[in-house]
Amino acid sequence: MPVSPSSSAQTARQGVARQMRELRQDAGLTLVQLAGLCGWSHSKASRIENARTPPSSSDIVAWCRACAADGQAADLVARSRDVETMYQEWRKRARTGLRQLQSSYVALFQATRLFRVYSPTAVPGLLQTEGYTRALLSGNARLLGIPDDSTEAAAARADRSRIIHQAGRRRFVFVLEESVLRHQLGSSDDMAAQLGHLLTAGALPAVSLGIIPMGTPRTLWPQEVFHLYDDTLASVELLSAEVNITQPSEVALYEAAFEELRSMAVYGAAARALVLSAIEALPDPTHAP
């Protein structure tokens with residue numbers, strides 16, 4: 001059973017807080033005494049020590065100084081920064097625009113050789129058409145209450161997705177739930193174009209496209225959307241945030257889940273038949289009321 005990524009991020013925050021509490025205890029200080037040495041209220045010190053408020057770099061330096069543990073400040077600051085990088089709210093990541101958010105992944109994509117993506121909800125970004133992306137990102141912008149530059153963002157996503165057509169040693173393994181094919185985003189024409197693109201992209205030599213049919217006996221229930229970049233990073237998409245997991249044991253857990261989900265999928269002609277069935281089920285725009 002994969003650990004909830006939001007819980008994983010909170011556990012990491014608690015680890016930093018626990019280390020700070022141990023420094024205070026080793027120094028023989030009460031929380032009230034430490035707060036006084038730092039010039040803080042007792043409530044601030046308590047919130048930091050109980051992982052309710054993430055400490056700033058200056059907070060950590062002051063805490064270590066009060067505990068006569070200045071030598072541990074640099075490592076604690078670095079660890080705290082790693083935790084906050086692990087859990088990134090979409091609103092904060094998209095504050096400079098959705099287009100910029102798409103472009104921020106280019107370096108990671110270029111450095112990765114094996115992409116593995118599981119999605120129970122939407123076509124993965126690397127396989128999206130611009131019309132589908134516009135509809136998806138426009139909805140995200142509305143939900144998050146951020147400016148809607150989905151047209152520019154869709155073009156940026158399409159540009160970065162060209163990597164699946166580039167010659168090289170990269171491999172792309174996608175596993176989708178069949179329901180992804182039935183969730184219409186955009187117009188019927190947009191959705192038909194998207195499903196048609198799946199047929200084309202799924203035939204590329206570097207691409208493996210698996211689809212888990214509805215009604216398949218499950219050995220593992222549907223998970224949240226997650227991406228595996230080589231064997232070093234699992235990136236998990238929540239409604240409110242992206243969680244980046246680098247701890248080897250947790251990455252291995254997502255790898256194991258991916259392999260189990262992949263074993264339930266169908267490929268080749270069987271997968272194409274599911275896509276064609278979804279295309280046939282689309283409403284005919286010429287008969288719209």
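Which residues do ring pairs link into a cluster?

Modeller: First, some ground rules. This is a predicted model: local features need pLDDT of at least 70, side-chain atom pairs count only at pLDDT 80 or more, and totals for chains, interfaces and linings use all residues. Residues are numbered from 1 along each chain as its sequence is written, and side-chain values use heavy atoms, with hydrogens and water left out.

Now the cluster. Ring pairs link Y105, F109, F115, F172 and Y229. Rings of Phe, Tyr and Trp (its six-membered ring) pair if their centres lie within 6.5 Å; planes under 30 degrees apart count as stacked, over 60 as edge-to-face and the rest as tilted. A search of the whole structure finds nine aromatic pairs. Take F115 and Y229. Their ring centres are 6.0 Å apart and their planes stand at 75°, so this pair is edge-to-face. F115 lies in strand β2 (residues 114-119) and Y229 in strand β5 (residues 225-229), so the pair ties together parts that are 114 residues apart in sequence. Strands here are DSSP runs (E, at least two residues), and helices are too (H or I, at least four), numbered from the N terminus.

F115 has 1% relative accessibility, so F115 counts as buried. Y229, at 5%, counts as buried.

Strand β5 also holds F226, whose partner Y254 lies in helix α12 (residues 248-263), so that pair ties together parts 28 residues apart in sequence. The rings of F226 and Y254 have centres 5.1 Å apart and planes at 65°, so they are edge-to-face. Both F226 and Y254 are buried.

Conventions. Buried < 20%, exposed > 50% of the residue type's maximum accessible area, 1.4 Å probe, protein only.
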